[in-house]
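Please open the model in your viewer and keep the selection panel at hand.

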Amino acid sequence: MLPNMLELHLEDLPENLQQELLSWIEDHIVATATYLPFSTSYNLKQSFKFSDPVNYHITTRIFSEAMHKLSHKGRLIKEDDYHYKVKLK
């Protein structure tokens, strides 16, 4: 039986997918001084999703955990969705 995607965490992904996501965040996201309207886990994840050549489903939870791992601490909006002081490059 396959695991429920909504229950997966960053560390549950294969190492190469974890690294791809972390690298994408480092390459495409930069810190800002304020919270911008669309700088949420869900919205930023959508940008990754459309640039992902593997086309692997990344949940908002997994994206949030990757952001936190890279020291982007956000404020919780709702379950697993954070608002960050970042923007896309």
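Select helix 1 (residues 15-28) together with helix 2: the two pack at an angle of about 115°, and their axes lie 11 Å apart. Axes here are lines fitted to C-alpha atoms, for helices over the stretch in contact, and angles run from 0 to 180 degrees between N-to-C directions. Helices (H or I, at least four residues) and strands (E, at least two) are DSSP runs, numbered from the N terminus. Display the side chains of Glu20, Leu21 and Trp24 in helix 1 and of Leu44, Ser47, Phe48 and Ser51 in helix 2, which make the contact (heavy atoms within 4.5 Å). These residues comprise 4 nonpolar, 2 polar and 1 charged. Ala, Val, Leu, Ile, Met, Phe, Trp, Tyr, Cys and Pro count as nonpolar, Asp, Glu, Lys and Arg as charged, and the others, Gly among them, as polar.

The model is predicted, with local features requiring pLDDT of at least 70 and side-chain atom pairs counting only at pLDDT 80 or more, while totals for chains, interfaces and linings use all residues. Residues are numbered from 1 along each chain as its sequence is written, and side-chain values use heavy atoms, with hydrogens and water left out.

Which residues meet here, in helix 1 and in helix 3? Gln18, Leu21, Leu22, Trp24 and Ile25 of helix 1 meet Ile62, Phe63, Ala66, Met67 and Lys69 of helix 3. By class, this contact has 8 nonpolar, 1 polar and 1 charged residues.

Now select Lys45, Phe48, Lys49, Tyr56, His57 and Ile58, which line the largest cavity. A cavity is a set of points on a 1 Å grid over the protein atoms alone where a 1.4 Å probe fits but cannot get out, and lining residues have an atom within 4 Å of a point. The volume of the largest cavity is about 30 Å³, and its lining has 3 nonpolar, 1 polar and 2 charged residues.

Finally, colour the chain by pLDDT, the predictor's confidence in each residue, from 0 to 100. The chain mean is 89, and 89% of residues reach 70 or more. Confidence is lowest in helix 2 (residues 41-51), at a mean of 88, and highest in strand 1 (residues 29-31), at 97.

Methods:
1 Å grid on protein atoms, 1.4 Å probe; cavity = no way out; pocket = protein on both sides within 12 Å on 5 of 7 lines; lining within 4 Å. Points joined across faces, edges and corners; volume = space filled by probe spheres on them.
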